[in-house]
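Have the coordinates open as you read.

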Amino acid sequence: MKVSSVNLSNIPEPDKADPLDTVFAYHERTKHHFHRFAEGPDGLDWASQPHPFRRFLGAPETQLLLPDSDTTPDYDAFFNGQSVKSQPLSLQSLSQFFYYSLALSAWKSCFGNRWSLRVNPSSGNLHPTECYLLTDTVPEISPLPGVYHYYPLRHQLECRLELQESDWKQLTNGLTNGSYTTEALPEGSFLIALCSIHWRESWKYGERAFRYCQHDCGHALAATTIAAGLMGWQLTLIEGISDAELVHVLGVDRDDDYPNQQEREAPDLLAVVSPAGTSINLDWRPPPETLNALTARKWLGKANLLSSSHKLWPWIDKATAACEKPTTESHISEHLQSFNPRKIETTSDSESPLSYSGSSITRRTGSIIRQRRSALDMDGKTRIEKAIFYQILDRTLPGQNTRLFSATTWVHLGLFVHRIDGLQPGLYLLLRDPAKTEQLRALMSETFIWQRPPDCPESLSLYCLLPADAQEAAKLLSCHQEIASGGVFSCAMLAEFEQPLRQLGTWWYRRLYWETGIIGQMLYLEAEAKGIRATGIGCYFDDPVHEVFGLKDRSYQSLYHFTMGGPVEDTRLETLPAYHFMAGKDNHTLN
């Protein structure tokens, strides 16, 4: 499989009045090429390495609980749609929600150095994603509603703002403006919001970091969606609210609360968590008068300083401004549902045709979630059966996995198949939306054979494009990283690119990356469930990837790479439980 070099043309400065030009220019200038990488730091300035945890000093703290045992449902039954009894909103259920989504999962140590791992993955383990909780009164937490920041180091909630009952009622009743009214949120609902600290990623990755922050947001969105399902809840992404409104809700627009402007948090999303089966109006928005009232209140705590010095990356600020989300009108709601899981109507725990049958032992979903790790290297020899490969791919399909995906999708998987028994090595394509088959046939190389593998399930629109040894190509395209060639397969996530940005708005640039992160989170869990391991790859040579697939314009772009296989364990590393210090050990070392 041959890959040629690509000449880099000069990228013009965009028209300042056209956000679309800015997004296209940012995407082009942050591509990696064979002869140069995207703009980044010359080396890592360890003196300015960001502190691994954001906290709000002086904010009242609520200690969340650690579960005594894992009572979550069986992994396959859960992802096959088995119903889960809805838990009441309480300190215990909120504790488990965060424990299985954004909490610490372990500590690693080596040669005197120690670092934490989390349930949700992050590029470079830098974790730019911050989570906020907005909830009504929870007796074990507070007699009043409030806005809280989740602090994963201690598995705590930090109260940023105490609300009155009237505030919560006004907030959840939504906007009433003339003839336009949004329905109130269902009883027992709460809100979560995600934000990104771009500096965390840019410290290591420079201009390309804005992309990685969106990957991480997608992973976190998937992690919280799955955790909600474990509690018998559903997570619905709210589309009516704008970024400008969201910063007021969360208080992240307060200059006095942040010691350095480079460490400010950019709003990502707001979601409602409610009992499964409840109806949510995607156009829901908090009333402007309520937002104004919240802004004027006394907010609690000040953000800690993450770094003593900062390097500026102006193009990240340009991309952030160009991708700002406006108030969303309801006429595009059919496109927005791709980020909201369908209602789970089945009450059966029967196996799907592609259910994993390698073991009769019940494997708790929570255990699979919390054992997830990113492989640092692949052994180059582990193999899996094609039936297992098909099961993994099946989990990424919108029609099959109702826990994460709905019927709409923009991302397909270009696959480099290496070590799958019963399947010829080569270049493959999984169409997650079969309706795009003819479009991609016309766009891709005329030499591709488009042959369905023997015994491939009808539910998978999987095609062999080119039978070949794809190991060297996979390694080369993923910035010469052997981890892309040493596994059972790797993939390039090919997203429909220019059309959604033109039709739906520049803020959709972020959403395309979120979808790749959601797919990546499912692949991580599938790897753990199948006894192998996975890793997300953000470093790859963009246009050479497109050339391999025969893509010549901006119709589709590769936005994320991924690899799965047999991991090589580093025996020098010591592993400690995530919250071993909660029993009084080593508290002084973790402040």
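A charge sits over a ring if NZ of Lys or CZ of Arg is within 6 Å of the ring centre and within 35 degrees of the ring normal. In this predicted model, K311 lies over the face of W313, 4.9 Å from the ring centre. R432 is placed over the face of F405, also with 4.9 Å to the ring centre.

**Aromatic pairs**
- The structure holds 29 aromatic pairs.
- F53 and Y151 form an edge-to-face pair, because their planes stand at 90 degrees, with ring centres 6.5 Å apart.
- F53 sits in the loop between α1 (19-29) and β1 (56-57), and Y151 in strand β6 (residues 146-151), so the pair ties together parts 98 residues apart in sequence.
- Both F53 and Y151 are buried.
- F389 and Y390 make a tilted pair, at 6.1 Å centre to centre and 40 degrees between the planes.
- F389 is buried, and Y390 is buried too.

**Aromatic cluster**
- One cluster is formed by F24, Y26, F210, F497, Y509 and Y513.

**Open sheet**
- Three strands make up an open sheet, ordered β4-β3-β22, with antiparallel pairing.
- β4 (113-118) and β22 (574-577) are the edge strands; each has a single partner strand, so one side of each is left without a neighbour in the sheet.
- From one strand to the next, the twist averages 30 degrees.
- Four bridges join strand β3 (residues 104-110) to β22 in the antiparallel sense.
- A106 has P577 in β22 as its bridge partner.

Notes
Residues are numbered from 1 along each chain as its sequence is written. This is a predicted model: local features need pLDDT of at least 70, side-chain atom pairs count only at pLDDT 80 or more; totals for chains, interfaces and linings use all residues. Side-chain values use heavy atoms; hydrogens and water are left out. Rings of Phe, Tyr and Trp (its six-membered ring) pair if their centres lie within 6.5 Å; planes under 30 degrees apart count as stacked, over 60 as edge-to-face and the rest as tilted. Helices (H or I, at least four residues) and strands (E, at least two) are DSSP runs, numbered from the N terminus. Buried means under 20% relative accessible area, exposed over 50%, partly exposed in between (1.4 Å probe, protein chains only). Two strands pair if DSSP finds at least two bridges between them. Axes are lines fitted to C-alpha atoms, for helices over the stretch in contact, and angles run from 0 to 180 degrees between N-to-C directions.
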